[in-house]
Amino acid sequence: ETGIIGFSLYLSLMIVVAEMFWKVIKISKNQETKLSLLALFSSFIAILTGGIFYSYNLEFFWFFIFFAYLFCDVLLKEERVEAEKVVVETSEKLNWSELAPLILVIAVAFPLLIYNLSYPLVSPGQEGFFAVISKTIRRTGGMGWPFWWVPKFEDINFFSKPPLFFWLNSFSVFLYDITTSAIRFWSAFFSFLSVVMLYLLVRLLYNRRRAVTAALLLLAMPGFLIISRQGIFEPLALFSIVSFVLTYVLARRRSIYFCLFAISLTTSTIIDQQSALVLGLVLLVAVIFDIFVKKNTKIYRSFWILSIPFLTLLFNLPWVLIAYKNFGEIFFREYFSLRPDRFLEIAVLSALPLLSILLSRLFYRMRLFFIVILLTFLSFGQILLVPQNNNWKIIDLINKRLEVDRRGTIPFVINLEKSTDLLYYSEVPIIFARESELRSYFTQKQAYFFIVDGDKFSREAPDLTKNNVSTRVIATNSNLVLIEKFGVIP
C-alpha cells in the first residue's frame with residue numbers, strides 16, 4: 001500500500017526492535033530477566049509472523065512494538081544488563097582506521113553504480129531478452145508455477161539460462177513495476193557487492209591502501225560500469241567469483257567460515273552453471289595441492305566443511321525436482337549441458353578483479369587522495385558511455401502507435417531482424433518481415449500497422465492504391481514512417 005519506501009521503513013523499524021531484543025537477551029546476567037525478555041521477544045515474532053502483511057492493523061500492535069523497545073532501553077539504562085560494559089566493549093571494537101577506507105569505497109562505488117540507472121532505452125540482445133521475460137511474468141501473473149523456475153520466451157523454455165537472475169528480476173518488477181531501473185537494479189547491486197568484497201579480500205591479503213586502490217580500479221576497469229548498469233547476469237557471475245575467493249581465504253583462516261564458503265559456492269550453482277563448474281574445479285585443485293603437496297589436511301577436517309554438500313542439496317534439489325517434474329528429461333539435458341563460449345566469458349570476468357589486484361601495486365607510490373580522484377574520474381567517464389540503441393527511432397514510433405491504438409490483437413509489421421528490445425517496448429505482437437514479404441502483408445485483408453522506410457513506402461504507395469489498399473501515415477521519425485492499413489478496399 002505504501003510502496004517500497006514505506007515497506008523499507010516498516011521493515012527497518014522491525015529489525016531495530018528485534019536487534020534491541022537480541023542485544024539485551026544476549027548480555028543479560030539475570031535469568032529471571034532473560035526469561036521475561038525471551039517471552040516478550042517470542043510474542044513479538046508471533047505477531048509479525050501471524051499476520052505478516054497486516055500485523056500493523058492490530059489494535060495494540062504499535063503499542064506493543066514501542067513498549068517492547070522502551071522496555072529494553074530502560075533495562076540498558078538501569079544497568080540491569082551491564083550497559084556500561086556493552087558501551088565500553090563497543091567503543092573498543094570500533095576502529096575508524098579500518099572503517100574509514102571501506103566507507104570511502106562505498107561512498108564512491110554506490111553513487112557511480114546507481115547514477116542514471118533508469119536511462120530509458122533497453123539494449124538489444126541479453127538485456128532485452130531478460131527484460132521481456134520479466135515483463136511477461138509480471139503481465140501474466142507469473143505464467144503458472146513452473147515458469148517462475150524456468151524462463152520462457154516466445155513459448156520456448158530456456159532451461160540453460162541462470163535461474164537466480166530471473167527470480168530476482170521477477171521479484172523486482174512485481175515489487176516496483178516494469179521499469180528500466182527495476183530490471184537493472186540487481187546488476188548494480190551485485191556489482192556493488194563485488195567491489196566491497198574485493199576491498200575486503202585485498203585488505204585480508206595486503207593492506208588498507210592497496211585494498212582501496214584495487215576496489216576503485218575494478219570500478220575503473222573498461223566495461224565494468226557498463227555491464228554493471230545493464231539488466232544482464234554477468235555482474236552476478238562476477239559476484240560469485242569474488243565471493244568464492246574471499247570466503248575461501250576466510251575459511252582457511254578459521255574453519256567456521258566454511259559455512260559462508262558453502263553458501264557462496266552453492267549460490268554460484270544457481271547464478272551460472274558454467275561458473276559453478278569452474279569454481280568447483282578450482283576448489284578441487286586447491287584441495288589436491290593442500291593435501292598432496294603441502295601435506296596440510298587440518299583445515300579440511302572441520303565439521304563445518306560438511307555444510308558444502310548439505311547447502312548445495314538444500315539450495316538446488318527442490319527447484320531442480322520441480323523443474324524435472326514439469327518438463328521431464330529435456331530439462332536435465334539442457335540445464336547441465338556445457339557451453340564452451342561461456343568459459344571465455346568467465347575467464348574475462350575473472351580477469352577484472354585479478355588485474356585490479358595486480359595493477360594496485362603500480363599505484364603504491366602515489367598519494368591515496370590522487371588515486372581516489374583519478375580512478376573516480378575514470379569510472380565516471382564510463383557512465384557517460386551509455387550503451388546506444390540503434391532502434392530508438394522505431395521505439396519512438398512504437399510508442400506513438402500505442403497512443404493511437406493499444407489493442408493487443410492488431411500486430412506491427414516491421415522490416416527488420418528480430419530484436420528483443422522492440423518486443424519489450426511493444427504491448428502488441430510484432431511481425432518481423434523481410435523486404436520480400438512486405439507487399440504480401442500490405443495486400444492481406446487483416447488490418448496492420450507498419451513501420452517501414454519512408455522512401456520505399458513512397459515508391460510503393462501508387463501500386464498499393466491501384467491494388468485497392470487503403471493506408472494513412474500516423475507519424476514519422478527521420479527516414480521511418482508509421483503507417484496504418486485499414487484493409488483492402490473491396
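User: When does a charge sit over a ring, and over the face of which ring does R401 lie at 5.3 Å from the ring centre?
Analyst: A charge sits over a ring if NZ of Lys or CZ of Arg is within 6 Å of the ring centre and within 35 degrees of the ring normal. In this predicted model, R401 lies over the face of F449, at 4.1 Å from the ring centre. R401 also lies, at 5.3 Å from the ring centre, over the face of F412.

User: How far apart are the end C-alpha atoms of helix α7, and how many of its residues are buried?
Analyst: Helix α7 covers residues 163-176, and at 1.5 Å a residue its 14 residues should span 20 Å, which agrees with the 20 Å between its end C-alpha atoms. What covers the buried residues of this helix includes α6, α8, α11, α12, α14 and α15. The helix is mostly covered, and the count of buried residues in α7 is 10 of 14.

User: How many residues apart in sequence are the parts that the pair of Y115 and F380 ties together?
Analyst: Y115 and F380 form a tilted aromatic pair, with 6.0 Å centre to centre and 45° between the planes. Y115 lies in the loop between α5 and α6, whereas F380 belongs to helix α17, so the pair ties together parts whose separation in sequence is 265 residues.

User: Are F258 and F261 buried or exposed?
Analyst: Both residues lie in helix α12, 3 residues apart, about one turn of the helix. With relative accessible areas of 2% for F258 and 0% for F261, against a cut-off of under 20%, F258 and F261 are both buried.

Methods
Residues are numbered from 1 along each chain as its sequence is written. This is a predicted model: local features need pLDDT of at least 70, side-chain atom pairs count only at pLDDT 80 or more; totals for chains, interfaces and linings use all residues. Side-chain values use heavy atoms; hydrogens and water are left out. Helices (H or I, at least four residues) and strands (E, at least two) are DSSP runs, numbered from the N terminus. The expected span of a helix is 1.5 Å times one less than its number of residues. Buried means under 20% relative accessible area, exposed over 50%, partly exposed in between (1.4 Å probe, protein chains only). Contact means heavy atoms within 4.5 Å. Rings of Phe, Tyr and Trp (its six-membered ring) pair if their centres lie within 6.5 Å; planes under 30 degrees apart count as stacked, over 60 as edge-to-face and the rest as tilted.
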